[in-house]
Amino acid sequence: MIKAKKSLGQNFLIDNNILDKIVNAAPIENKNVIEIGPGTGKLTSFILKKKPKKLTVIEKDNYLAKNLENDFKKKINIINDDILDVDETKLFKEKAIVFGNLPYNISTEILSKWIINIKDNFWFECLVLMFQKEVADRIIAEFNTSSYGRLSIICNWKLNIKKICDIKPEAFSPKPKIDSSLLFFYPKKNFVKIKDPNNLEKVTRIFFNQRRKMLKKPFNQLFNGDQRILNKLKIDLNLRPQNLSLEKYYELVSEYENLRS
Ligand code: SAH
């Protein structure tokens, strides 16, 4: 019996229905697949049943990585490392399908890192990732709702996002204290061009610094009250940050870059 380590966010999936839902979310057959945080290998065996071309797993825990080696031998390629230190763009020549049931803080960090680092070519075909429900709700939030914010704006910039399902604590062992959600991400064909994605982080940080205040102050701070931009983007400065659509934020960042180039 494997003892779960809290420090590595180890909650292992035990519900076969959910495992089926996860592997049915993306077309695995004959594709290169990356699984992050395979743990005891339950999801790994479900993925293998779907006949991927190649499966590479990335597991930080040395003991679990050894265990996977014994269980799966040559059927998978194991990288015993921290996902935050792996250059996933170099793992495959062709686009990969990515599954991740990671500790929740790492899911968000890794997703932001991937989005910020994507150049013109996507290295993945799609991502199937688990989040705590509250974070998933923020990722997929529509504008004019209280969950809408920086995470929604950054994640939706280059990716289409769909919720596959919510998952109750009982699907895991040990049981986490909170509900989870499974999200599916795939590349957008068209998105507003932003030269330096750090500007997307900066502009949204300043706008959402005080999410209950009107847009006037952050707008003036970033754009010096530039009336031309207000007219062009048709923005009412009496609104609050959550009332501006995704597209408006991307256009604002683009204007911010124009002012500086
Ligand atoms: N996917 C498995 C395990 C989920 S638990 C299942 O569904 O049953 C999360 C897993 O991520 C654990 O195996 C943990 O050791 C691993 N992990 C935690 N932090 C990691 C990191 N930074 N990089 C890679 N793996 C990590």
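Guide: The protein chain is divided into domain 1 (6-187) and domain 2 (197-260), with bounds that come from an automatic or database domain assignment. This is a predicted model, in which local features need pLDDT of at least 70, side-chain atom pairs count only at pLDDT 80 or more, and totals for chains, interfaces and linings use all residues. Residues are numbered from 1 along each chain as its sequence is written, and side-chain values use heavy atoms, leaving out hydrogens and water.

Visitor: How many residues of domain 1 are in contact with domain 2?
Guide: On the domain 1 side there are 13, in contact with 16 residues of domain 2, where contact means heavy atoms within 4.5 Å.

Visitor: And what area is buried between them?
Guide: About 1,400 Å², of which carbon and sulfur atoms give 66%; buried area is the accessible area (1.4 Å probe) that two parts lose on being put together, summed over both. In domain 1, the residues losing the most area to domain 2 are Tyr148, Arg150 and Ile153, which together make up 43% of what that side buries.

Visitor: Changing topic, what size is the box around the chain?
Guide: Taken along the principal axes, the box filled by the C-alpha atoms of the protein chain is roughly 65 × 40 × 30 Å.

Visitor: And how far apart are the domain centres?
Guide: The C-alpha centres of domain 1 and domain 2 lie 32 Å apart.
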